[in-house]
Structures are given as structure tokens and as C-alpha cells.
Amino acid sequence: MTAYFIRRLLLIIPTFLGITVMVFVITRMVPGGPIERIIVQARQMQSSLGMAAGAAEQRQPLSDDQIARLKAYYGFDKPVLVSYGQWLAKVLRGDLGTSTRYYDPVWRMIAERVPISLYFGILTLLMVYGVCIPLGIAKALRHKSGFDNTTSVVVFVGYAVPGWVIGVLLLTLLASVWEVFPLGGLTSDNFPDMPLDEQIMDILWHTVLPLTAYVAGSFAVMTMLMKNTLMDNLAADYVRTAVAKGLPFRRAVFRHALRNSLIPIATSFGNNVSVVVSGSFLIEKVFNINGMGLLGYESVVERDYPVVLGILVVSSLLFLVGNILSDLCVAVVDPRVRFE
Amino acid sequence: MPRFQLNPLTRRKIRRFRSIRRGWWSLVIFTFMMVAALAAELWVNDRALVVRYQENFYFPTYGAPLPGTTFGLDYAYETDYRDLSRRFAAAGEGNWVLMPPVPYGPYSTDLRDDLFPPFAPDWHQRHFFGTDTVGRDVLARLVYGFRIAIFFSLGLLVVNYAIGVSLGCAMGYFGGRFDLFFQRLIEIWSNVPFLYVIIIISSIAVPNFWILVLIMAIFGWIGITWTMRTVTYKERERDYVLAARVLGASHGRIILRHILPNTVAVIVTYAPFSVSSGIVALTSLDYLGFGLPPPTPSWGELLAQGWTYMSAWWIVASVVGAMVVTLVAVTFIGEAVREALDPKLYTTYE
């Protein structure tokens with residue numbers, strides 16, 4: 001099995017190269033990159049200075065020499081694959097480049113955002129697992145009861161409607177109309193002046209709505225998965241045997257059926273790694289939270305390609321490692337599984 | 001006697017589907033919504049249903065717009081029927097206008113003196129769900145937006161399934177190098193953040209309906225391909241395939257006549273969930289402003305308006321309400337189809 005996981009780890013390399021090549025090529029082919037932006041800026045500067053220049057100059061504010069220097073600076077002067085190679089070499093040395101928009105190192109921009117996404121990610125994870133597993137068990141044991149049916153409605157609404165839409169609704173009703181919660185962001189304006197206990201309360205107060213939106217998104221799938229697998233196992237022969245032998249029903253559920261039902265939950269556990277760190281840009285956008293997701297979204301919209309690629313490197317590596325972690329989790333909890 | 005007889009197995013599946021009340025009623029409601037959206041011009045429109053003018057009847061709902069001069073007005077552009085209705089009523093010459101229940105189209109703005117939109121829901125003005133921030137009726141935008149969204153996701157479904165089913169079948173059936181190559185491709189493809197790529201593409205060129213469907217399909221085929229591959233892979237090992245091959249059936253015949261009919265259950269089960277994810281994807285893109293160009297009526301655009309103008313709670317509330325009804329109905333249909341095709345009779349303990 002060790003050989004299997006080593007092979008899986010090695011397979012990360014071609015997949016990672018494939019992903020980054022694809023996005024790199026797309027960012028190169030698309031117009032509107034940093035050089036076009038600088039030209040536009042220069043043109044605006046020219047017209048605002050009211051320079052009485054000729055029509056030809058008006059069209060092209062920068063000299064060919066300047067444009068060539070800019071291209072060299074951003075690495076646009078070489079064929080795509082050559083500059084991809086240079087970019088990759090820098091990445092391997094741990095340098096993700098500088099943002100073409102803010103001229104900050106990409107590493108630092110990402111590092112600033114990670115704690116925020118991590119905060120929401122871990123809280124969501126705790127909430128989802130803390131609520132879904134008990135709820136799924138309760139629903140399976142009381143299948144087709146009133147409790148099961150009423151919670152099913154909530155679960156299905158949460159499953160059908162995406163989390164960010166629930167977020168917009170919560171924000172409109174609870175923050176704007178009834179003014180119970182703040183209108184987004186993570187801290188109030190006077191946050192630096194508050195004493196520590198108020199600061200904590202302030203963050204928690206700002207956390208409630210986004211967290212609800214996050215949880216609503218992944219809540220339903222998990223609960224139904226837990227319920228359905230537990231019901232499958234309850235119908236299995238070994239549980240019937242255990243009950244027939246005189247084991248109390250509760251013990252049969254918790255000692256036998258439940259342990260096997262946690263296996264499918266474990267299969268998706270590794271993917272949490274990437275979800276926790278990268279967050280959902282839609283929810284972050286709705287609530288105006290400066291996490292990784294929003295950074296990625298804004299960099300795409302603003303064509304800040306070093307940041308786009310930097311986030312891609314981080315998130316795709318996490319995703320690939322997460323997939324392997326999931327397999328590892330399965331192998332750990334289920335001794336029947338053998339990877340070869 | 002009907003010449004077309006359903007397979008008894010299929011009939012039993014349909015009966016089982018009907019016996020799942022939640023799914024069946026969702027299907028009824030959803031079909032009703034589809035029909036209502038297709039006939040939207042008849043009940044949500046700023047053109048009148050019937051105009052009685054000088055002993056003549058006019059039915060302006062469908063067809064070329066009637067200029068104002070038709071009804072003795074002094075302009076040659078399309079008649080403003082709400083205004084016409086008021087004029088006829090004031091003149092009292094026996095002319096009348098019958099407006100649809102919601103007398104606003106998806107693009108018509110309701111402008112008033114001294115007041116600025118958005119207007120709250122108003123039964124009297126027949127803005128049942130209020131207006132948006134430029135004075136267009138929310139209900140009209142919802143209905144026409146639903147029509148676009150549902151055809152968008154159906155179109156996307158057809159394209160995705162055409163690619164997914166054929167490629168997935170081929171991967172599962174032929175296996176080997178072919179399978180391995182596409183496996184790697186899919187792994188790479190599914191890791192590319194597809195919303196980013198769609199945003200990049202649609203920020204260069206404003207997409208129209210079919211271009212957007214194609215862009216989404218570039219990334220949408222993966223799920224169904226993967227499922228079809230797994231299913232075909234399993235079916236290929238079954239004895240009936242071996243028997244067909246021994247009888248000398250060609251690959252094409254085995255796939256089309258034997259394997260595909262046995263995988264229909266999977267395809268049908270996936271369809272409702274693909275429809276709902278199509279609607280969600282279009283709404284998300286429209287919300288971000290990278291979907292269909294304005295002023296196309298869309299739920300995402302309404303949500304964006306509601307988000308920027310939060311005191312107009314009726315905008316967000318009606319969109320979310322519509323989304324909940326639609327998506328929950330589709331999900332229930334999907335669950336019922338799944339249960340009908342693959343009944344899992346659970347044992348419950350007392």
C-alpha cells in the first residue's frame with residue numbers, strides 16, 4: 001500500500017503541471033493583461049494633462065522601446081512555454097512573483113488572507129461534522145417519523161439552494177431589514193479601539209451570518225450521506241444477527257452499524273483541506289470577507305495573473321493532496337480496503 | 001388499442017415514481033411552472049390581451065408590435081397599452097383594453113413623477129412582487145428569467161450528456177490507453193477552477209445564450225462522463241455482453257443495443273440534479289455580472305440588485321422564494337426518480 005501512495009504522490013506532478021500550463025496559457029492568450037492596462041493608464045494621463053499631441057501619438061502613448069521593456073519586465077517577450085518554464089522555476093524556488101496590480105509579493109498577499117479563510121473553514125468543519133453526524137443518526141433511527149420529515153425539509157432546502165443565496169437572504173432580512181447582525185465584513189469600524197473581550201464579541205457577531213451560509217451549503221449532503229449509509233447498515237445481516245443474539249438495539253447501532261457507516265464520511269474528509277483554506281469566493285463576496293476566495297476572484301477580474309497563478313498553485317496542490325488524504329483516511333478506517 | 005406499449009418493467013417504475021407523492025407533486029408543480037413560463041406572454045406582458053377599438057378586436061400579444069397610430073394615438077412607436085387603457089376608460093366611448101394579470105413586461109419600466117424606484121409590492125399597481133431598482137416589475141423579471149434559466153440548463157444538459165455519455169461509454173468499454181489518457185485529462189480538467197476560466201472568457205467577449213452554454217459545457221461534461229465510464233465498465237463485464245460478443249455482435253451494436261439501454265437508469269437519475277446545478281451556475285454567473293448581458297431578465301442579476309439595494313427586501317425575498325420552490329421541486333423529482341429506478345427498501349427497527 002505504501003507503493004500505491006508513493007505512486008499517487010508522484011502522479012501529483014503531471015497533474016499539477018497540466019493544470020498550471022492550462023491556466024498559464026489561457027492568461028497569456030487573453031487580452032487585457034498588465035501591459036494593456038499600463039497603456040490605458042498612460043493614455044488617460046496624457047489626455048488629463050491636455051497634451052496637444054497628434055492623433056497618432058494619442059493612440060499610442062508609449063514608445064515601442066518602452067513597450068518592449070514592459071514586455072520583458074512581465075515576461076511577455078518570450079514564447080508561452082519558455083516563460084512558463086521561467087515561472088515554474090521561480091515557483092520551485094518558492095517565489096510566486098509580484099502582483100501586477102499592487103506590486104506586493106504574491107506570497108505575502110496569500111499569507112495575509114489564509115488566516116481568515118482558515119477561521120471560517122475550521123468553524124464550518126466543526127459545525128458541519130458536529131451537527132450532521134448526530135442529526136443523520138437521529139434521522140436514520142427515526143426514519144419516516146415526524147422529526148425525520150420536518151428536518152428533511154430543512155435539509156432539502158439547504159441542499160437545493162446554494163449557500164451564497166442563503167447568505168444574500170440572511171443579509172437582507174437579518175442585517176438590513178431587522179438590523180440584528182452587521183452588514184458584512186469581519187470587524188466593526190471602531191475595532192482597534194475596543195478592549196479585548198469586546199473585540200472577540202465583535203468578531204463572533206460578524207461571524208454568525210457567513211458561518212450559517214457556509215454550513216448551509218455542505219450541511220445537507222453530509223446529513224443525508226450519514227442517514228442513508230446508517231440505514232443501509234441497519235438493514236445489513238450483521239446488525240440483524242447482533243440484535244437476534246440479544247444485543248440491545250442501541251448497542252447494535254453504536255457499536256456495530258455506526259462504525260461502518262462512518263466510512264463514506266471519511267472518503268470526503270481529505271477534501272476539507274482545500275475547502276478550509278480556499279473558502280467560497282461567492283460567500284466571501286456576499287459578506288465582504290477578505291479571504292482567499294475573494295482574493296482569487298478579484299485577481300481574476302482585475303487580471304492580476306501572478307496572483308491568479310499563485311492561488312492556483314496553492315489550491316490545486318491542496319486539492320491533490322486532499323484527494324490522497326481521503327484515500328488514506330479510507331484505508332485507515334476500513335481494513336477491507338486495499339490499494340494496489 | 002394503443003400500438004405503443006410500454007415495457008412492463010418501465011410501467012412498474014413509473015407506478016413506483018407516482019407512488020412517491022413528494023416527487024410526483026413536485027413534477028406536477030414543475031410541469032405547471034414550465035407551461036406557465038412558456039405561456040408567459042399571456043399573463044405577464046405589457047402588451048394587452050385584447051383591445052376593442054372602433055368595433056374592431058385586436059390581439060397584440062404575439063406578432064409584430066402595433067404602432068400607437070392604430071388606436072388613434074399620436075405616436076408611431078409601439079402602443080403603451082397601460083396608458084391606452086386609462087385613456088379609453090377616461091373617454092368612455094365603448095372602447096376597452098384587457099390587460100394580462102401582470103401588465104408589465106420584463107423590460108418595461110414603470111416610471112412615476114416624484115418617486116424613484118424600487119417600489120414595494122403594491123396590489124393596486126399590480127406590482128405583486130414590487131419593482132427592481134430601475135422600476136421593472138420583479139414578477140415579470142422572475143418569470144422570464146426562469147424561462148431563460150430553465151432552457152439554459154436544459155440546453156447545457158443536452159450538450160453535456162451528448163459528450164459525457166458517448167465519451168464515458170467509450171472510455172469504459174474500450175478501456176486501456178484510451179481510458180488512461182482521458183482519465184488524466186479529466187483529472188487535470190476537473191482541477192482547473194472553471195468559474196475563473198469562465199469569468200476570464202466572458203469578460204473579453206460578452207456571451208450570448210448559446211456561447212455561454214458552450215463555455216459552460218467545456219467544463220460540465222466531466223461529471224456525467226466519469227459516472228458513465230464507471231457504469232459501462234461494470235456492464236462490460238456482465239455475461240450478456242460476453243454472449244453478444246460470442247454471437248458476433250460488433251462493438252457499435254453492443255454499445256448501442258445492449259450497454260446503453262442498461263445505463264439509462266443512471267442517465268435519467270442524474271438529469272434532474274444537472275438541471276438544478278445548471279440553474280445555480282447561471283444564477284451565480286449572472287450575480288457576478290459574467291452571465292448573459294443586461295438587460296436580459298435573470299435571477300442572478302436580481303439578486304445582485306437586491307444585494308446592493310438591501311432595503312428593497314422584496315427583490316431578494318422573491319428571488320430566493322422562487323429559487324427555493326424551483327430547486328427543491330427539481331431535487332424532489334430527482335430523489336423520486338432515483339428511488340423509483342433503484343428501490344432500496346430499508347429495514348426499520350421498532
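This is a predicted model: local features need pLDDT of at least 70, side-chain atom pairs count only at pLDDT 80 or more; totals for chains, interfaces and linings use all residues.
## Domains and overall form

In chain A, the two domains touch through 10 residues of domain 1 and 9 residues of domain 2. On the domain 1 side of this contact, helix H1 (residues 2-29) of chain A gives the largest share, with 7 residues. That side of domain 1 of chain A contains 5 nonpolar and 5 polar residues, and no charged residues.

Chain B contains 12 helices and 3 strands. Its radius of gyration is 26 Å, whereas a compact globule of 350 residues would have a value near 20 Å. Along the principal axes, the C-alpha atoms of chain B fill a box of roughly 85 × 55 × 50 Å. Of the 350 residues of chain B, 37% count as buried. Among contacts in chain B with a separation of 6 or more, 65% are between residues 24 or more positions apart.

## The contact between the chains

The contact between the two chains involves 37 residues from chain A and 31 residues from chain B. On the side of chain B, at least two residues come from each of helix H6 (176-191), helix H7 (194-204), helix H10 (251-288), helix H11 (299-308) and helix H12 (313-341). The largest share of that side, 8 residues, is supplied by H12(B). By class, the side of chain B that touches chain A has 21 nonpolar, 8 polar and 2 charged residues.

Helix H7(B) illustrates how the chains meet. Its buried residues are Tyr196(B), Ile198(B), Ile200(B) and Ser202(B). The buried residues of H7(B) pack against H1, H14 and H15 of chain A, and also against helix H8 (209-236) and H10 of chain B.

## The pairing of H10 and H12 in chain B

Within chain B, the axes of H10(B) and H12(B) come within 9 Å and cross at roughly 170 degrees. Angles over 145 degrees count as roughly antiparallel, and H10(B) is therefore roughly antiparallel to H12(B). On the H10(B) side, the residues that meet H12(B) include Ala265(B), Val268(B), Phe273(B) and Ile279(B). Their counterparts in H12(B) include Leu327(B), Val330(B), Ile333(B) and Arg338(B). The contact of H10(B) with H12(B) comprises 11 nonpolar residues, 5 polar residues and 1 charged residue.

## Backbone features

Most residues other than glycine have a negative phi, and most peptide bonds are trans. Several places in this model depart from that pattern.

Asn288(A) is not a glycine, yet has a positive phi of about 55 degrees. Asn288(A) is placed in the loop between helix H13 (281-287) and helix H14 (292-301) of chain A. Asn288(A) counts as partly exposed, because 13 C-beta neighbours lie inside 10 Å.

Arg303(A), also not a glycine, has a positive phi of about 55 degrees. Arg303(A) lies in the loop between H14 and helix H15 (305-333) of chain A. With 20 other C-beta atoms within 10 Å, Arg303(A) is buried.

In chain B, a cis peptide bond joins Pro294(B) and Pro295(B), with omega at about 5 degrees. Pro295(B) belongs to the loop between H10 and H11 of chain B.

## A buried loop residue in chain B

Asp132(B) is located in the loop between strand E3 (96-98) and helix H5 (138-174) of chain B. Asp132(B) is buried, because 24 other C-beta atoms lie within 10 Å. Leaving aside residues up to four places away in sequence, Asp132(B) touches Pro117(B), Pro118(B), Val138(B), Arg141(B), Leu302(B), Gln305(B) and Ile315(B). From Asp132(B) to Ile333(B), the distance is 32 Å in space, C-alpha to C-alpha, and 201 residues in sequence.

Notes: Residues are numbered from 1 along each chain as its sequence is written. Chains are lettered from A and ligands numbered from 1 in the order in which they are written. Helices (H or I, at least four residues) and strands (E, at least two) are DSSP runs, numbered from the N terminus. The radius of gyration is taken over C-alpha atoms; the globule rule is 2.2 Å times the number of residues to the power 0.38. A residue is buried if 20 or more other C-beta atoms lie within 10 Å of its own, exposed if 12 or fewer, and partly exposed in between; C-beta atoms are placed from the backbone. Two residues are in contact if their C-beta atoms, placed from the backbone, lie within 7 Å. Ala, Val, Leu, Ile, Met, Phe, Trp, Tyr, Cys and Pro count as nonpolar, Asp, Glu, Lys and Arg as charged, and the others, Gly among them, as polar. Axes are lines fitted to C-alpha atoms, for helices over the stretch in contact, and angles run from 0 to 180 degrees between N-to-C directions. Angles under 35 degrees count as roughly parallel, over 145 as roughly antiparallel, 65 to 115 as roughly perpendicular and the rest as oblique.
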